Amino acid sequence: MFLNERNRLAIFNAFINSNFTYCPLVWMFCGKKHSVKFEKIQERALRIVYNDKISTYYELLDKGDFLSVTMLRIKCLAVEMYRCVRGLNPEYLNDMYAIKECEYALRDCSRIQQSKFKTYTFGYKSFQYYGAKVWNSIPIHVKNSTDLSIFKQDIDVWCRSHEANALSIC
């Protein structure tokens, strides 16, 4: 290789990772086939960066402290949901979600109502449905963060956990 690892990592961040981190919500509902392709592109690029052909994809992600493309999209969706619940987004986005009414003193009274839809493509594959699904699966201590920057740190830790990896988006 002509470049050292630091320079390869800089190229990876400039050309590959920047495309995955720029507005990942657009790619939220791209489908399973395309999501697998995104993950393969990231895996291949990380193999070149670290010159490692034997490690698993998750070992490569841990080596560089990266999130998978799917987890990156879930993290971005969770941040947008935090903004919606706290009223930090434009009104049309904030009004899209309603906090579920709790008659009892439950542990998690910040759950969002998930709408029922008649069609799979136009209902369950929507920002409204998946936003509520992701928000309801986030642990209570993360949802109750008092500041957006603290929430971003906590959601990053949660996205790296096995609990978040069990959440399926596509």
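A salt bridge here is a side-chain nitrogen of Lys or Arg within 4 Å of a carboxyl oxygen of Asp or Glu. The views below are taken from a predicted model, in which the count by this rule comes to seven salt bridges.

**View 1. Lys63 and Asp52 form a salt bridge between distant parts of the chain.** The closest N and O atoms of Lys63 and Asp52 are 3.6 Å apart, so the pair falls within the 4 Å cut-off. Lys63 belongs to helix H3 (residues 57-64), whereas Asp52 sits in the loop between H2 and H3, and 11 residues separate the two. Lys63 counts as partly exposed because its relative accessibility is 48%, which lies between the limits of 20% and 50%; Asp52, with a relative accessible area of 10%, is buried.

**View 2. Glu43 and Arg47 pair within helix H2.** The salt bridge between Glu43 and Arg47 brings their closest N and O atoms to 2.9 Å. Both residues lie in helix H2 (residues 32-50), where they are four residues apart, or about one turn of the helix. Glu43 and Arg47 are both buried.

**View 3. Arg160 and Asp156 meet in a salt bridge that is part of a network.** The distance from N to O between the side chains of Arg160 and Asp156 is 3.3 Å. Arg160 counts as partly exposed because its relative accessibility is 34%, while Asp156, at 19%, counts as buried, since the limit for that class is under 20%. Through salt bridges that share partners, Asp156 and Arg160 are joined with Asp65 and Lys75 into one network.

Definitions and conventions:
Residues numbered from 1 in each chain as written. Predicted model: local features only at pLDDT ≥ 70, side-chain atom pairs only at ≥ 80, totals over all residues. Heavy atoms only, no water. Buried < 20%, exposed > 50% of the residue type's maximum accessible area, 1.4 Å probe, protein only.
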